[in-house]
Amino acid sequence: MMRLPVRIAACLALLGLAAFASPRAGAAEICNETSYITHIAAAWAVEGGVAIEGWTRVRPGECAEVAQEVDLDVDTQPLFFYAKSTTAYLGGVREWRGTVPLCVDETDFEVVANTRCAALGLASRDFFMREGDARERTVLVEPSEFGRRAQVAGIQRLLQSAGYAVTGVDGYDGRSTRRAVSRFQSEAGISGNPGDAALIDALEARALERNASSGLIVCNEADGDIATAIGHRVGEIWQSRGWWRIHAGECARLLAARLETDNAFIYAERVSGQGRRPMSGGNERFCLAPARFVSEGRTECAERGYTAAGFRRVPQPENGGVRVTLTEADFQGLRQ
C-alpha cells in the first residue's frame with residue numbers, strides 16, 4: 001500500500017495536518033481533496049478503551065462529519081483518523097495514516113477496543129492524531145494538491161481505472177476527459193447529466209468489475225505486513241519497481257494490465273519491528289532500492305546504485321490474471 005500525506009501547517013508540522021475554520025460543535029469534519037474515493041475511520045478515548053468507528057465514504061472534493069458523539073469543547077481529548085482508498089484503483093490501496101496503532105474491521109464497524117486487535121478478530125492500522133482546534137477540520141491531500149479540482153481529478157483517475165484513455169490526472173476538465181466521460185456514459189447506458197457524484201459512483205462500480213481478476217494480485221497470509229516489488233518487461237525494457245505495502249490478510253493489485261504470459265516476477269520482504277526478512281526461493285535477478293523506486297534493466301545493479309535480489313516467476317495467467325498468496329513460510333531468510 002502507498003502512504004499519502006495530509007496537508008501540513010507550519011504550527012502543526014509534527015502532526016502532518018492542517019486546521020481550518022470550525023464546523024458545528026460536537027462533530028469533526030474531514031475533507032477529501034485527493035483524486036481517490038476514501039473510506040475513513042475515526043477514534044477517541046472513552047472509559048475502558050478507545051471508541052473506533054468506520055467506515056465513512058468520502059468522494060473526491062467532498063467533506064463529511066465524523067465522530068459526532070465527541071464533545072469538541074473538551075480541549076484535552078484528541079481525535080484519531082485513518083483513511084484508505086477503495087480497491088477500484090490501479091496500483092493498490094492508498095493510505096493516509098500516522099503512528100498510533102488502533103483496531104479496524106474490513107466492513108463497517110463500531111467497537112471499543114485497546115491495542116489487542118488480533119484477540120478481537122480485528123486488524124491494526126496506524127492512525128494520525130488531531131488535537132485542540134485542529135480536531136475540527138482535516139483535509140486529505142496528495143503530493144499534487146488538487147484543491148477545488150479534486151472532483152474532476154477523481155473522475156479522471158476512475159476513468160483510467162475503468163479502462164478509458166484520458167491525458168492525465170490533473171483536475172482540469174479538458175477535451176480528452178469529456179470524450180472519455182461521454183464514451184463511458186454511452187457504454188453504460190447513462191443518459192443526460194447524472195451529476196458528478198453519480199458519475200463517480202458509476203465509474204467506481206465499473207472499475208471494480210473490470211479489475212476484479214485481471215493483472216497481478218498479491219495476497220498476504222503472513223503474520224504481519226509485507227513489502228512487495230515486481231519485475232516485468234515494459235516494451236523492450238526490463239523494469240523492476242516497488243514498494244507496495246500489504247497488510248496481513250489483505251491483497252493488492254500490483255499490475256493492472258491483462259497478463260497473457262508468465263513473464264512477470266515478484267519479490268517481497270516480511271516487515272516487522274525487528275527488521276525485514278527477504279522472500280526465499282527467487283532465482284531471477286532484478287534491481288532493488290530501499291525506498292520507492294523504478295529501475296530499468298536487470299544487470300549492473302550495484303554500479304547503478306541498486307542492490308540485486310532474487311525474484312520469483314509468477315504462475316501462468318488464467319483469463320488475464322494471476323493471484324499469488326504469500327505466507328510466513330515464504331520468509332525464511334535472515335533479517336536485514
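At 42% relative accessibility, R313 counts as partly exposed, where buried means under 20% relative accessible area, exposed over 50%, and partly exposed in between (1.4 Å probe, protein chains only). This is a predicted model in which local features need pLDDT of at least 70 and side-chain atom pairs pLDDT 80 or more, while totals for chains, interfaces and linings use all residues. Residues are numbered from 1 along each chain as its sequence is written, and side-chain values use heavy atoms, without hydrogens and water.

**Salt bridges**

- The count of salt bridges is 20, each being a side-chain nitrogen of Lys or Arg within 4 Å of a carboxyl oxygen of Asp or Glu.
- R313 pairs with D262, with the closest N and O atoms 4.0 Å apart.
- D262 is partly exposed at 25% relative accessible area.
- R270 and E328 form a salt bridge at 3.1 Å, N to O, and R270 is buried at 10% relative accessibility.
- R97 bridges to E95 at 3.1 Å between the closest N and O atoms, and both residues are buried.

- Not counting residues up to four places away in sequence, L159 touches Y164, V166, T177, A180, V181, F184 and L203, contact meaning heavy atoms within 4.5 Å.
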